[in-house]
Structure formats: structure tokens, C-alpha cells
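Here is a short briefing on one protein chain. Please read it with the structure open.

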Amino acid sequence: QVQLVESGGELVQAGGSLRLSCAASGRTFSNYAMGWFRQAPGEEREFVAATNWRGDLTYYTDSVKGRFTISRDNAKNMGYLQINSLKPEDTAVYYCAASEIAYYSDTNSYANPMEYAYWGQGTQVTVSS
């Protein structure tokens, strides 16, 4: 198993930036695809971004393309989500997740939360207007 702990969420003004971190422990992090999801109050959890085991393939939901960047450092067992040009609608709890599949040939699988076996506890991002 792998344990995930997110950090970096805070209250920021619209237009600001944040970098969320995901610290992994347990089994070898580089064996896992990694994703970020978010959940706003009263909403379902939604896909934000994902990357394969090596970090050279990345995928984003349309609403964050050009503003969010997912990355990972397997040597440090860390994942990251750089968030720029924050908008009030980005307010949510952000979750890091790991899949036991390192790479999906069907890229739609990266956006499916059911594909991820391991989840962190989440970190709150609040964007004020």
C-alpha cells in the first residue's frame, strides 16, 4: 500500500498561486499513476489532473488547462500541483490519489476516481474574490 498526505492548501485571493504537495510513503511511488481531484461543498468529487508513473504524460480537465500543472519527483516520493491564476470556483478540498496501474492506454481512465486505490485526506483551497 501507499500512504498519501497533501499539504499546501490555504486561503488566497483570486489571481494568486499555490503549490499543493503530496507526500507518498509505503510502497514505491514510481509504480503508481497519480491524480489530483477536488470536491467543493455540495458537489461531487471531480478530476483535476493526472500523470503516469514517469510523469512525462499529463492530463487535465478543461477548466484548469493552462493554469494548473501536475508534476512528480519519484526520487523524493512527492507529487505536486501548481495552481496559477486562481479563481473563486477553484475553491474546494483537493485530494491526491494513486493508482496501482502505472500507465493507462485509455487516457480516460486517468479521470476516473474508481481507478485510484489510494487517497490522501485532502487539503483545503479557498479563493476569495
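Glu46 is partly exposed, at a relative accessible area of 34%. Its salt-bridge partner is Arg38, with the closest N and O atoms 2.6 Å apart. Arg38 itself counts as buried, at 5% relative accessibility. The model is a predicted one.

**Salt bridges**

- The count of salt bridges comes to five.
- Arg38 and Glu46 belong to a network of salt bridges that also links Arg67 and Asp90.
- Another salt bridge joins Asp56 to Arg54, where the closest N and O atoms are 3.0 Å apart.
- Asp56 is partly exposed, with a relative accessible area of 44%.
- Arg54 is exposed, because its relative accessible area of 52% is over the 50% cut-off.
- Asp62 forms a salt bridge with Lys65, and here the closest N and O atoms are 3.0 Å apart.
- Asp62 is exposed, at a relative accessible area of 61%.
- Lys65 has 49% relative accessibility, so this residue counts as partly exposed; exposed would require over 50%.

- Thr51 lies in strand β5, which covers residues 46-51.
- Is Thr51 buried or exposed? Thr51 is buried, because its relative accessible area is 1% and the cut-off for buried is under 20%.
- The Thr51 side chain reaches the backbone oxygen of Leu57 at 2.8 Å.
- Leu57 is also among the contacts of Thr51 when neighbours within four places in sequence are left aside.
- That contact list also includes Asp56, Thr58 and Ala33.
- Met34, Ile70, Arg72 and Tyr110 are in contact with Thr51 as well.

**The four-stranded sheet**

- Four strands form an open sheet, in the order β1-β3-β8-β7, with antiparallel pairing.
- The edge strands are β1 (2-7) and β7 (68-73), and each pairs on one side only.
- Neighbouring strands of the sheet are turned by 15 degrees against each other on average, direction ignored.

**Strand pairs within the sheet**

- Strand β1 is joined to β3 (residues 18-26) by six bridges, and the two run antiparallel.
- Val2 stands opposite Gly26 of β3.
- Strands β3 and β8 also pair in the antiparallel sense, over six bridges.
- Leu18 stands opposite Ile83 of β8.
- Between β7 and β8 there are six bridges, and these strands run antiparallel.
- Which residue of β8 is the bridge partner of Ser71? The partner is Tyr80.

**Strand β8 and its hairpin**

- Strand β8 spans residues 78-83 and is mostly covered, as five of its six residues are buried.
- In the hairpin of β7 and β8, four residues lie between the strands.
- Asn77, in that hairpin, takes a positive phi near 55 degrees.

Technical notes
Residues are numbered from 1 along each chain as its sequence is written. This is a predicted model: local features need pLDDT of at least 70, side-chain atom pairs count only at pLDDT 80 or more; totals for chains, interfaces and linings use all residues. Side-chain values use heavy atoms; hydrogens and water are left out. Two strands pair if DSSP finds at least two bridges between them. Axes are lines fitted to C-alpha atoms, for helices over the stretch in contact, and angles run from 0 to 180 degrees between N-to-C directions. Buried means under 20% relative accessible area, exposed over 50%, partly exposed in between (1.4 Å probe, protein chains only). A salt bridge is a side-chain nitrogen of Lys or Arg within 4 Å of a carboxyl oxygen of Asp or Glu. A polar contact is a pair of N or O atoms within 3.5 Å; within protein, one must be able to donate a hydrogen and the other to accept it, and residues adjacent in sequence count only if both atoms are side-chain atoms. Contact means heavy atoms within 4.5 Å.
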